[in-house]
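User: Please take a close look at one part of this model, the second chain, and describe its build and how it meets its neighbour. One connected account will do.

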Amino acid sequence: MADITFEGVTKIFADNIRAVDDLSLHVADGEFMVLVGPSGCGKTTALRMLAGLEDITSGSLSIGGTVVNNVLPKDRDVAMVFQNYALYPHMTVAQNMGFALKIRGYSKSEIAKKVSEAAAILHLSEYLERRPRALSGGQRQRVAMGRAIVRSPQAFLMDEPLSNLDAQLRVEMRLEIARIQRLLGVATVYVTHDQIEAMTMGDRVAVMRGGKLQQCDTPQDLYDHPHNEFVAGFMGSPPMNLLRARLDATNGPSIEFGTQRVAIPTSYSSSHTLPSGDGPGVIFGIRPEDVQVVEAGDHAGTLTTKVERREALGAEILVHLSLVNAAGTSTLVVDDDGAVVTRPTTMVAKMGPRSGVAVGDHLRVRFNPDRFHFFDAAGGDSLRKS
Amino acid sequence: MSTIRVPTTSSRWLTLKRRRQIAGVIFALPAIALVVCFIGVPVGQDVYYSFTQWDGQTATWIGLSTWSQAIHNPNLWTALRNNGLLLLSVPFALGLPLCIAVLLHQRVAGWRIFRTIYFLPTAISWVVLGLVAERFFAYQGTLNSIIHALGFSHFSTNMLGYQSEALVALGITFIFTMVGTNTMLFLTGLATLDPTLEEAARIDGAGPWRIFRSITLPHLSRFIQLAFVMTVIALFSALFSLIFVLTGGGPGYATTTVEYLIYETGFNQGDFGTAALYGLILFVITGIVGVVQLRLIGSNE
């Protein structure tokens, strides 16, 4: 067992494509680290460098304190679970799981013992003599896990292991993998593009974009205090509402959406570096669950909105709202790698399933005053003081 | 509004299952007819003529005497022995392309050019290949020029001229003609190998040789079996043009195979009855090879 350290690791492919750019990350022994990001963000390349399947352009990568930049995959003592499982088709489940042990010269009885132990953990005991093709998707996934755990390696590397499973099985295996990882206490690097997997499985989550590490934190910190607009928009489903707004200082600090305004609680001026002076733009962020509908009465600090769309999910309704009289309504523009460049002044709110809201209704909403987020309008960085 | 047709007596007899069976037979009929016309009838004729003395025009029934004559003809046994010895070239006709394909699959520098070079002979007529080989092995040919140039003049050979060596030259030429096809077949097989399997094996601790043995070779087994069948069948039934150009079956009968013997007996000696019998023998041999091979492939999975 060991810890893993990326120090300024960079990978440049032919054609000068910078897949991973100056990645520094430490995975503690026994930690479950999730690398998450949109496709092409460099997360899989980072994992493959750790496995030794890609060489490292610059920087240093160490496992258990030993720099492994030039160590062959077979000598790194890491186990990897592939997206397509990569089970050896002509070998039985038992042979698949015992292959690494056989190469390492274990005796037949030792191999059989370790394989049957791992099979018991994974509920695979009755399938040991089958070939992979005679297994279901979920069982194959378990065999791939089994192949990794029989070796008792220094680290587990998992490359989107659940993406080929159906939704229900994915939820099941999510819990299963997390359980096994806790049971064995082996440092794990888990790559996914699914932010729900990232949130539910990781001790810590590293969000990547365009080869660069955006933020690495516990799931809750990532959700509560995203370092930039990208992380805010990537984590959470539906994502955080990000609204382009103007700060107005004339009548006490407030945010201006066209003709409507919301006062900023005074605590934010000490916790955040808000632009001073009159009129500079910011990106204001608010999570859908922090957009609260005001039924009647007190209208202070509320915004008038119109219901554009409603999506009933059973347990809740997602309501898409547009600000009434908001000037300069812009359309959604999305960057190449999925990051939102500009957003319209619409937002999503979560409402109870029995609220009889209909498209076209006018609603008064209030933002939870403890949950405001501010991002730099130019760079997208959080304005929160660290 | 649509109405459902009440089944009449005839359509009650025509159940869905029966209709499918009838359709199956109808669709298979043209293929069956072709097989009977072009394989069944000629084989039947061949069996018939093997009991006759036939000069190409009149066939006289002589019963089993063709058979007893043939069995006592040493040339048939020589030809069979030559075919047997040529089987020794099969491992090379498979092994060499396997090595080439694995190397090309590693994307060695210039692999596209090499691929073309290795495949090119496949597009050339075996008659031409035979002529090239003849020039290569001839006493004043390329092989001896090379031996001279290297300064080993006392090793110079005349492979096509000696009974003991001509068959080796034929075997080498045969390997050469099969390299292109088999290399392509193995390259196709390698292209269907999931590269993550190799990566998984590398992480599992396997070196290049272990990966070849435990991952690549099992994956290629079906392709190797196919190449084996094709190579053996070619050896028995497609060598004629090579032999004709290269040695004409000689010296003596040193490079005469059963296939060449059929031509020799029928067209040179005008004994079509015996030739028909040899054809029958060749048919049985290739048939056995095919059936054994199908059994092997079938028993595998």
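Analyst: In chain B, 68% of the contacts with a separation of 6 or more are between residues 24 or more positions apart; two residues are in contact if their C-beta atoms, placed from the backbone, lie within 7 Å. This is a predicted model, in which local features need pLDDT of at least 70 and side-chain atom pairs count only at pLDDT 80 or more, while totals for chains, interfaces and linings use all residues. Residues are numbered from 1 along each chain as its sequence is written, and chains are lettered from A and ligands numbered from 1 in the order in which they are written.

Chain B holds 14 helices and 2 strands, that is, DSSP runs numbered from the N terminus, with helices (H or I) of at least four residues and strands (E) of at least two. Chain B is more spread out than a compact globule, because its radius of gyration is 26 Å, well over the 19 Å that the globule rule gives for 301 residues. That radius is taken over C-alpha atoms, and the rule is 2.2 Å times the number of residues to the power 0.38. The C-alpha trace of chain B spans about 95 × 70 × 30 Å along its principal axes.

As for the neighbour, the contact takes 14 residues from chain B and 16 residues from chain A. On the side of chain B that touches chain A, the elements giving two or more residues are α10 (195–203) and α11 (208–237) of chain B. Of the elements on that side, α10(B) gives the most, with 6 residues. By class, the side of chain B that touches chain A has 6 nonpolar, 3 polar and 5 charged residues; Ala, Val, Leu, Ile, Met, Phe, Trp, Tyr, Cys and Pro count as nonpolar, Asp, Glu, Lys and Arg as charged, and the others, Gly among them, as polar.

Chain A, the partner, contains an open antiparallel sheet of 5 strands in the order β13-β12-β11-β14-β22, where two strands pair if DSSP finds at least two bridges between them. Its edge strands, each pairing on one side only, are β13 (260–263) and β22 (373–376) of chain A.
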